[in-house]
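Dear colleague,

Here is the structure I promised to pass on, with the sequence alongside.

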Amino acid sequence: MQNKGLVKLFALLFGLVSIYQLSFTFKANQVESSAKEIAVSKIAETEQDYDAKRNIEEVRYLDSLGNVEVFNIGVAQYTFNEVKDKAMNLGLDLKGGIDVTLQINVRDILKGLANNSKDPVFNKALDDAEELQKDSQSTYLEDFFVAFDAIKGDTKLASPDIFANRTLSEEITFNMTDEEVQPILKTKIDESIVSAFEVLRKRIDKFGVTQPNIQRLGNSGRILVELPGAKDIERVKSLLQSTAQLEFWDVYKAEELGSFLGQANEALKTVVDAKPEAEEVEPQDSEDSQIDDLLGEASTDSTEVATLGPLFDLIRAPGRQGQPVLAMFEAKDKETVMDYLNRPEVRSVLPAEQRYVKFAWGIQPKGSELVELYAIKGNRENTPELSGSVIVDARQSYSPAGLPTVSMQMNGKGAKVWEEMTGRAFTQGSQIAIVLDDIVYSAPGVSTGAISGGNSEISGSFTLNEAVDLANVLRAGKLPASADIIRASEVGASLGAEAIDSGMKSFMIALALVLIWMIFYYGKSGIFSDIALLLNIILIFGILAGLGAVLTLPGIAGIVLTIGIAVDANVLIYERIREELYKGKGQKEAIKDGFSNALSSILDANITTGLTALILFVFGTGPIKGFATTLLIGILTSLFTAIFITRLLIDWYVNKGGKLDFSTGLTKGLFRNININFLKKRRMAYVISAVIIAGGVASLFTTGLDQGIDFVGGRTYQVRFAQDQNAEEVKDAVIGAFGSAEVKTIGSPNQLKISTKYKIDENSAEADEEVQTMLFESLKQFLPDGITYDEFVDGSGDRKIGKMDSFKVSPTIADDIKKSSVWAILGSLIVVFLYILLRFKKWQFSLGAVAAVFHDVLIVLGVFSITWRFMPFSMEIDQAFIAAILTVIGYSLNDTVVVFDRIREYLNEHTSWEFDKTVNSALNSTLSRTLNTSLTTLVVLLAMFAFGADSLRGLLFALIVGVLVGTYSSVFIATPVMHDTLKRMDKKKK
């Protein structure tokens with residue numbers, strides 16, 4: 001081998017750099033472990049909110065180390081921030097956390113730009129654009145333009161009632177055409193989305209999660225947020241979706257609206273049906289008398305529900321004179337009450353001076369079912385006298401009673417308005433409501449005169465975390481529009497820890513089996529390939545850390561699969577060396593020729609696999625992109641270690657007088673004298689394949705596939721119970737709540753996967769919370785007594801019972817994923833067809849390879865369709881399955897290309913042989929390599945299947961089936977199809 005010195009230098013430097021990169025990961029883990037220990041030692045479990053306080057203390061300690069030297073390697077020193085930046089990133093499935101795609105509501109932005117126009121054409125176009133979005137790949141704005149053009153008539157976008165308003169007067173004038181207005185609106189929308197991106201980034205930066213990732217996805221208004229290691233998932237979701245619309249309003253006192261409530265109740269009696277229940281209730285003399293006092297009238301009978309009226313029936317506690325709370329209602333009645341109060345026949349009884357009143361709910365205290373109703377003094381423009389735009393700073397603080405609050409500082413303009421408002425409130429003895437995202441957090445009075453300086457405080461039933469988050473949100477600023485979670489993946493920390501344990505366990509077992517097998521089959525030379533394999537793994541992890549790539553659970557599967565690829569290269573080399581030795585060549589010459597002759601097959605096989613991995617990287621998302629990343633890196637490092645490192649070690653051993661047989665006593669001569677007429681059996685193979693494919697296709701049309709939420713949309717929850725559960729019993733309970741649901745056992749019988757499409761078209765935080773609450777209520781009978789909703793949601797707590805992870809995909813995203821998956825598979829087939837055509841110069845070779853790939857994919861799909869109903873693990877068709885299909889395509893092509901490469905070689909060497917003899921001889925000569933590689937790959941996959949994470953079993957099962965079928969098809973489908981089409985062409989020529 002030429003340039004040995006250069007290869008040695010490169011290998012040494014490559015290895016040292018990889019170890020250097022990995023050292024930061026070990027150091028970062030060490031510092032974070034110390035931070036946890038310090039937080040535990042400082043905050044006792046007896047303290048209130050000790051979990052939240054420990055998290056804050058841990059973050060505070062790590063922040064304090066940000067610019068402090070924590071790692072000294074002699075020639076350089078590094079601060080903790082620098083160490084973290086260089087450490088390997090773990091994905092959500094290994095570290096726990098949340099990964100969401102947010103859709104910035106472009107409709108809200110358009111309405112804001114149009115000053116909430118009431119123009120019927122404009123609003124109809126907004127609604128039509130919503131409908132178009134369901135089956136469209138265009139952005140919402142593009143669909144809005146299409147919808148507006150379809151119905152506009154004489155109306156223009158530059159109408160004074162739409163976008164030619166005072167707000168946009170400097171950019172949009174009345175005489176502009178729609179074509180002139182459209183680019184301006186695109187710019188405005190883009191500016192708003194950039195603003196939303198920056199606001200979210202500031203919020204996340206303050207959250208205390210290490211290595212967060214936030215990126216904008218094209219021009220669709222979608223923003224990807226990944227927060228590995230985030231422990232309080234619900235807190236994160238609230239932080240991301242809060243628009244932070246802070247407003248300060250004057251409020252009415254209870255007695256000022258008392259007569260209106262009575263009149264509203266009377267008006268509702270004529271339009272709302274009486275309660276169907278004729279049940280009697282306990283006398284409510286004290287409460288009714290308070291209502292009577294408030295309204296100045298008497299009730300005739302307090303023992304019959306029907307006498308109170310639709311509105312008063314729902315009041316659980318009346319307001320008090322001089323206070324801003326009108327009444328208290330049950331939280332479940334909020335929508336009904338607001339519907340009552342906003343009906344035209346009810347608002348018509350308001351006095352003229354109160355016609356702009358806005359009703360708003362207060363914040364619901366933890367553990368309470370009641371919520372307060374406020375009446376805000378609105379105005380025609382519906383704009384507050386003071387808004388959150390004047391806030392320049394916000395900090396979490398404490399009230400004199402020691403309760404968490406949020407203190408705020410306003411700018412000069414805001415301070416002046418605040419002084420006027422507080423002075424007026426002091427003079428009138430009224431209150432000022434502090435409203436955040438349409439919820440009244442507090443409505444304090446002013447007892448000491450006007451407040452100057454612009455200082456204010458928000459108090460309420462805050463936990464410490466809520467106060468910290470609210471301060472961060474206010475400091476970062478408000479979102480220009482609502483942000484809906486259209487896709488979410490939540491993984492509990494304990495499930496992430498279990499995934500690391502199972503992933504590493506399966507990885508080590510697979511590695512050990514492969515190392516032992518190589519020594520068993522190839523003797524001393526197997527030791528050299530094992531050394532190269534271990535270096536290969538170090539290089540993969542080092543490159544991952546150096547590139548800042550994310551290691552995911554499918555990524556570990558990709559690394560394990562890389563072991564099989566690396567072994568395949570060594571097997572190809574060793575088999576060619578054995579062939580040269582059988583020809584009687586000397587050891588050094590056989591080694592030289594073996595490496596040289598195997599190079600073409602190795603490159604072709606790895607390039608085809610690399611092309612499919614590259615397509616997977618382009619079209620995949622999240623963990624699947626991690627799978628493709630490790631596979632691509634593994635292919636490159638495998639080529640380097642197999643071709644160069646193994647050669648260096650073998651040459652070193654041989655040059656110092658060592659003797660290598662490239663076999664052991666048990667494997668010497670194995671498969672050497674085999675002479676199977678494979679082509680003679682091709683018709684039988686065609687029939688067998690046709691029968692299997694026909695059965696699979698029939699099942700696909702009748703039974704179908706178990707499509708996951710990636711393709712159909714929905715919400716999925718993985719729930720762990722204290723005892724084993726009957727999936728059918730749980731399913732009946734869940735269907736009772738949602739109407740329809742799917743329940744499957746995942747791994748052990750105490751772990752179930754529950755999927756539902758209930759309210760899947762609603763992406764709001766309220767809808768997510770409602771579905772999750774309903775799930776908890778439906779599962780209560782199967783959970784331990786006394787478990788609370790918060791404990792259920794935090795399945796990673798001490799009990800490790802409850803929701804372990806959850807996934808949500810909106811129908812729009814599901815449609816996008818489905819289309820990108822189809823393109824990924826078609827793209828990989830086209831690219832591979834063209835590559836093989838380029839390499840082998842005959843389209844018959846490409847046809848044979850693609851026929852084998854179609855054959856393999858159809859069989860894998862058929863097996864999944866036939867078996868998914870009774871397999872004891874999830875066999876959902878999701879993005880991971882698409883990754884498996886693309887990997888099967890790559891593996892099948894790998895096998896096929898090696899065979900084709902040998903056929904091409906034999907065609908050039910044995911020109912006098914008949915074509916059938918050439919093909920059969922080539923197949924027999926590669927049989928040892930084919931079976932050896934398939935066996936080692938299967939051993940690796942079976943180890944991961946048996947000992948790996950439950951979530952990977954479906955992907956691994958597809959790969960196992962794919963490897964078996966791919967090995968068969970390379971011999972009995974690809975080669976015969978190529979043979980038959982070539983012979984048919986020859987007959988036509990003759």
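In strand S22, Gln751, Lys753 and Ser755 point one way while Leu752, Ile754 and Thr756 point the other way, and all of them are buried. Please keep in mind that this is a predicted model. Because six of the six residues of S22 (residues 751-756) are buried, where buried means under 20% relative accessible area, this strand is largely enclosed by the rest of the structure.

Two strands that pair with S22 can be described in turn. Strand S20 (residues 714-720) runs antiparallel to S22 and is joined to it by six bridges, with Arg720 having Gln751 as its bridge partner in S22. Strand S21 (residues 742-745) is likewise antiparallel to S22, here through four bridges, and Glu742 stands opposite Ser755.

Elsewhere in the chain there is an open sheet of eight strands with mixed pairing, in the order S8-S9-S11-S10-S16-S15-S7-S12; its edge strands, S8 (315-318) and S12 (386-387), each pair on one side only. Within this sheet, S7 (residues 246-250) and S15 (residues 432-436) pair in the antiparallel sense over five bridges, and Phe248 is found opposite Ile434 of S15.

Two helices lie across strands of the sheet. Helix H14 (residues 412-428) lies across S7, S12 and S15 and runs at about 30° to S7, whereas helix H12 (residues 334-341) lies across S9 (325-330), S10 (358-362) and S11 (370-376), running at about 165° to S10.

With best wishes

Key: Residues numbered from 1 in each chain as written. Predicted model: local features only at pLDDT ≥ 70, side-chain atom pairs only at ≥ 80, totals over all residues. Heavy atoms only, no water. Pairing = 2+ DSSP bridges. Contact = heavy atoms within 4.5 Å. Axes fitted to C-alpha atoms, helices over the stretch in contact; angles between N-to-C directions. Buried < 20%, exposed > 50% of the residue type's maximum accessible area, 1.4 Å probe, protein only.
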